[in-house]
Amino acid sequence: MPKSKRNRAVTLSKTKKKGREHKEVIVNSIREAAEKFPSVYVFAFENMRNLKFKQFRDSIKSSGRFFLGSNKVMQIALGRSASDEIKPGLHKISKFLRGETGLFFTDMSEEEVKKIFEEFEVFDFARTGCLATEKVELKEGPLTEFSHEMEPFLRKQGMPVRLNKGVIELISDFVVCEEGNPLSPESSRILRLLGVKMTSFKLHLICSLRGDDFEVYREGLEESDVESS
């Protein structure tokens with residue numbers, strides 16, 4: 001009788017080795033970038049959109065290199081103290097790698113970097129759990145923006161609808177979301193159908209090391225706060 005695939009043993013040492021090798025590749029890549037580029041920035045991101053970030057990264061790939069991933073791995077690559085940093089001052093940068101952050105190595109001027117980061121913002125549809133930025137309410141009456149085939153789907157989202165001579169009709173006012181409240185899966189789907197974008201993907205510079213010049217940009221993220229967190 002053939003053995004069930006579900007019962008086959010998995011050698012953990014192999015998976016651990018593969019994971020360790022992947023981390024080593026990242027560490028070596030970060031260290032190579034630190035040697036190649038004169039400046040490094042720590043940035044934070046809100047509402048990450050992978051495709052949009054890839055497009056942004058590709059647009060300036062000739063002038064720098066981005067790293068996202070495990071903060072701990074990135075800290076190890078840079079050095080977490082003055083005694084194990086690979087270049088003077090990098091341990092100061094390392095302390096700010098916490099939460100949703102990444103590294104940007106570049107030969108661009110500080111003015112150029114600030115400009116492209118400040119100008120980058122992509123508006124998108126909010127996902128489940130995001131806080132609504134405004135109240136959205138639909139009034140009783142025909143919903144001419146939807147075809148009649150959408151009626152069953154809208155009903156499943158909790159909307160009080162019916163078909164009236166082939167036109168979807170709201171039989172009473174309906175609040176899709178309230179400002180400041182988390183979006184439900186249903187609210188998120190309805191807002192997408194309505195074309196209402198409530199979130200934006202942004203990048204924020206946290207700090208930089210340019211040669212020997214270390215600088216913190218964002219208020220509330222001073223080095224003393226990082227060390228005590």
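**Group meeting: a walk through the predicted model**

Hi everyone, let's start with the chain as a whole: of its 229 residues, 37% count as buried, where buried means under 20% relative accessible area, exposed means over 50%, and partly exposed is in between, with a 1.4 Å probe and protein chains only. Residues are numbered from 1 along each chain as its sequence is written, and side-chain values use heavy atoms, with hydrogens and water left out.

The protein chain has 8 helices and 11 strands; these are DSSP runs numbered from the N terminus, with helices being H or I of at least four residues and strands E of at least two. If we take contacts, meaning heavy atoms within 4.5 Å, with a separation of 6 or more, residues 24 or more positions apart account for 74% of them in the protein chain.

Now for the interior. By a nonpolar core I mean a set of buried Ala, Val, Leu, Ile, Met, Phe, Trp, Tyr and Cys residues joined through side-chain atoms within 4.5 Å. The largest one has 22 residues, and the members touching the most others are Ile30, Val42, Leu78, Ile93, Leu103 and Phe105. Which elements give two or more residues to this core? They are α1 (12–36), β1 (39–46), α3 (71–78), α4 (90–94), β3 (101–106) and β10 (199–210). There is also a second, separate core of 18 residues, with Ile168, Phe174, Ile190 and Met198 among them.

Phe105 deserves a click. Setting aside neighbours within four places in sequence, its contacts include Ile30, Ala33, Ala34 and Phe37, and also Phe67 and Leu78.

Next, please find Arg49, in the loop between β1 and α2 (50–59). Is Arg49 buried or exposed? Arg49 is buried, because its relative accessible area is 8%. What does its side chain meet there? Let's take polar contacts, pairs of N or O atoms within 3.5 Å where, within protein, one must be able to donate a hydrogen and the other to accept it, and where residues adjacent in sequence count only if both atoms are side-chain atoms. The Arg49 side chain makes one of 2.7 Å with the side chain of Asp124. A polar atom of the Arg49 side chain also lies 3.2 Å from the backbone oxygen of Phe125. Beyond four places in sequence, Arg49 is in contact with Asp124, Phe125, Arg127, Thr199 and Phe201.

Then the salt bridges, where a side-chain nitrogen of Lys or Arg is within 4 Å of a carboxyl oxygen of Asp or Glu. The structure holds 15 of them. In helix α2, Lys54 and Asp58 are 4 residues apart, about one turn, and they form a salt bridge with closest N and O atoms 3.0 Å apart. Lys54 counts as partly exposed because its relative accessibility is 40%; Asp58 is also partly exposed, at 30%. Asp58 meets Arg57 in a salt bridge as well, at 3.8 Å from N to O.

Glu110 and Arg210 form another, with closest N and O atoms 3.4 Å apart. This pair links distant parts of the chain, with Glu110 in helix α5 (residues 110–119) and Arg210 in strand β10, 100 residues apart. Arg210 is buried, at 18% relative accessible area. Shared partners join Glu110, Lys114, Arg210, Asp213 and Glu215 into one network of salt bridges.

Last, the cysteines. Cys177 is buried at 6% relative accessibility, and Cys207 is buried at 0%. Thanks, everyone!

Methods
This is a predicted model: local features need pLDDT of at least 70, side-chain atom pairs count only at pLDDT 80 or more; totals for chains, interfaces and linings use all residues.
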